[in-house]
Amino acid sequence: MQLTPATEKDLQAIRRWYEEPELNRFLSVDPPVGGEKIVYVIRDGPDALGWCELFNIDWKNRTAEGGIAIPDPRGRGFALVAGLRFLKQAFEIFDLIRIRVLEHNTHALKCAEAFGFLLEGRETRDDGNVIVQMSMDKQRFYERHGHRLGKKVICDGGKRNVQGPARPA
């Protein structure tokens, strides 16, 4: 399984996936504000399984919202593997990642908790759906997952830094 930058052909496939009612039922949070996105395709060999994207990018404050979608049947573990790789790439650029998840998407909420996202709040929309907003910063990500990524986290006089590769304990 790998992540690759999305090509124009991939973007066309993603647009078709967005039109699938079953998947859209889990993705319909709010459209991104502005147009800039960073999109990766989740691949198993040559086959595209889904995508990860960063949007609502704030370059000045080094924050973005993120999302992952795998339209294929669940339970094969791709979301956790792809999500970890996606977050590693995201935290090479950004300091804080936020996600918004529809409360009825329990699979996504479980994945978010497994990654280490923390609850920021809940909002009930006019249509009755509840949106759960969560976030995670770079420090928390590497504290939880650095050992898997060959990185170690050091705390130095109140300044936190991520270094790699980690030395064996």
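**Ground rules.** I'm working with a predicted model, so I asked for pLDDT of at least 70 for local features and counted side-chain atom pairs only at pLDDT 80 or more, while totals for chains, interfaces and linings use all residues. I number residues from 1 along each chain as its sequence is written, and side-chain values use heavy atoms, with hydrogens and water left out. Helices (H or I, at least four residues) and strands (E, at least two) are DSSP runs, numbered from the N terminus.

**The sheet.** I wanted the strand order to begin with. I find an open sheet of seven strands running S1-S2-S3-S4-S5-S7-S6, with mixed pairing; two strands pair if DSSP finds at least two bridges between them. S1 and S6 are the edge strands, each pairing on one side only. From one strand to the next the twist averages 30°. For angles, axes are lines fitted to C-alpha atoms (for helices over the stretch in contact), and values run from 0 to 180 degrees between N-to-C directions.

**S2 and S3.** I looked up this pair next: S2 and S3 are antiparallel and joined by seven bridges. Tyr40 has Cys52 in S3 as its bridge partner.

**Helices on the sheet.** I checked H4 (residues 106–115), which packs on the sheet, touching S5 and S7, and its direction makes about 20° with that of S7. Contact here means heavy atoms within 4.5 Å. H5 (residues 138–149) also packs on the sheet but touches S6 and S7, with its direction at about 75° to that of S7.

**Around S7.** How many residues of S7 are buried? I get six of the eight in 130–137, where buried means under 20% relative accessible area, exposed over 50%, and partly exposed in between (1.4 Å probe, protein chains only). S5 (residues 96–102) runs antiparallel to S7 with seven bridges, and Ile97 is partnered by Met136. S6 (residues 118–124) is antiparallel to S7 too, through six bridges; there Glu123 is partnered by Ile131. S6 and S7 make a hairpin with five residues between them, and Gly128 in the turn has a positive phi of about 90°.

**H1.** Which residues of H1 (8–18) are buried? I noted Asp10, Ala13, Ile14 and Trp17. They sit on the same side of H1 because they cover an arc of only 100° around the axis, taken from the directions from the helix axis to the C-beta atoms. The buried residues of H1 pack against S1 (2–5), H2 (21–27), S2 (38–44) and S3 (47–58).
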